Amino acid sequence: MSPDTETVKRFFDGPFYLERGRHIIRIRAMVVQEFLGDVHGTRMLDIGCGDGSLSIPFLEKVSALTLVDLSPRMLELAEARIPDHLRGRVELVNTPLEGFEPGAAYDIIICVGVLAHVPSIDATLAKVASCLKPGGLAVLEFAPNPNPLGGILSPYYALRRVFSGVKPAYSTNKMPLAQLLLAAEKHGLHLQKLRRHSFPLPGMGRWSKELLYKYALCTLNNPLLSKIGVEHLMLFKKAC
Ligand SMILES: C[S@@+](CC[C@H](N)C(=O)[O-])C[C@H]1O[C@@H](n2cnc3c(N)ncnc32)[C@H](O)[C@@H]1O
């Protein structure tokens, strides 16, 4: 069953994601910069922006940035990071992406860390495509399922759930990569680039954030390890 919007909002209004995910956000920000290159004068939309770590670094260059998130807390954190002299370029929209209606189409869309949590992956891809200008770029992220590490590690995670007694807040969306790419194609989004890295393995829970970042960076850049990377960061171009 797909996650429902209220449960997802409650989860991201809490501190868990940013406390645990800082090293992953650093990797994402780096790859997004690498994918997009020169963004001078573009209109950018960040869907499910979180604390704005991925798009706010582009603010000096873009002509306009729209930050959309269903979590008021995430948008507050993003707003606090906007330099005063660039405030006029930013629009903050507190809404589920499903209800977002842009005034005009965008050159660039970032939608990272979001597809796992939405009511419908297909509807989200349709929304991204409809908000994008022909020839525009979209950076999307997903951890497709099945994946090579998932099969090996699933007994470990099942046992850990039983012994910790902690239930996940909700079950995230699962979809094989080929199906995701087909759905994107259907909406006119064509894959241009793909980078993969891995999440921490069992036993790394007590590692420092710096060490976890270095591990993720190693799995991103090592040709062999990146092949079995779990998180897929993808650059798409909308058909002209
Ligand atoms: C895993 S975080 C990723 C944040 C940021 N993009 C990053 O990678 O650091 C997912 C974000 O998407 C937001 N989100 C989840 N479902 C959403 C929806 N249906 N509409 C708008 N925002 C959503 C959450 O509130 C959260 O801030």
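**Salt bridges and burial**

Author: In this predicted model, Glu231 and Arg28 form a salt bridge through their side chains, with an N to O distance of 2.8 Å. Glu231 belongs to strand S7 (residues 231-238) and Arg28 to helix H2, so the pair ties together parts 203 residues apart in sequence.

Reader: Why is Glu231 called buried?

Author: Buried requires a relative accessible area under 20%. Glu231 has 0% relative accessibility and therefore counts as buried.

Reader: What makes the contact of Arg28 with Glu141 a salt bridge?

Author: The criterion is a side-chain nitrogen of Lys or Arg within 4 Å of a carboxyl oxygen of Asp or Glu. The closest N and O atoms of Arg28 and Glu141 are 3.8 Å apart, so the pair qualifies. This pair links distant parts of the chain, with Arg28 in helix H2 (residues 16-36) and Glu141 in strand S5 (residues 132-142), 113 residues apart.

Reader: How do you know whether Arg28 is buried or exposed?

Author: The relative accessible area of Arg28 is 8%, which is under 20%, so Arg28 is buried. Glu141, at 5%, is buried because its value is also under 20%.

Reader: Why is Glu79 called partly exposed?

Author: Glu79 has 37% relative accessibility, so the term applies. Glu79 forms a salt bridge with Arg87, the closest N and O atoms being 3.1 Å apart. Arg87, at 32%, is therefore partly exposed as well.

How values were computed
Residues numbered from 1 in each chain as written. Predicted model: local features only at pLDDT ≥ 70, side-chain atom pairs only at ≥ 80, totals over all residues. Heavy atoms only, no water. Helix = DSSP H or I, 4+ residues; strand = E, 2+ residues; numbered from the N terminus. Buried < 20%, exposed > 50% of the residue type's maximum accessible area, 1.4 Å probe, protein only.
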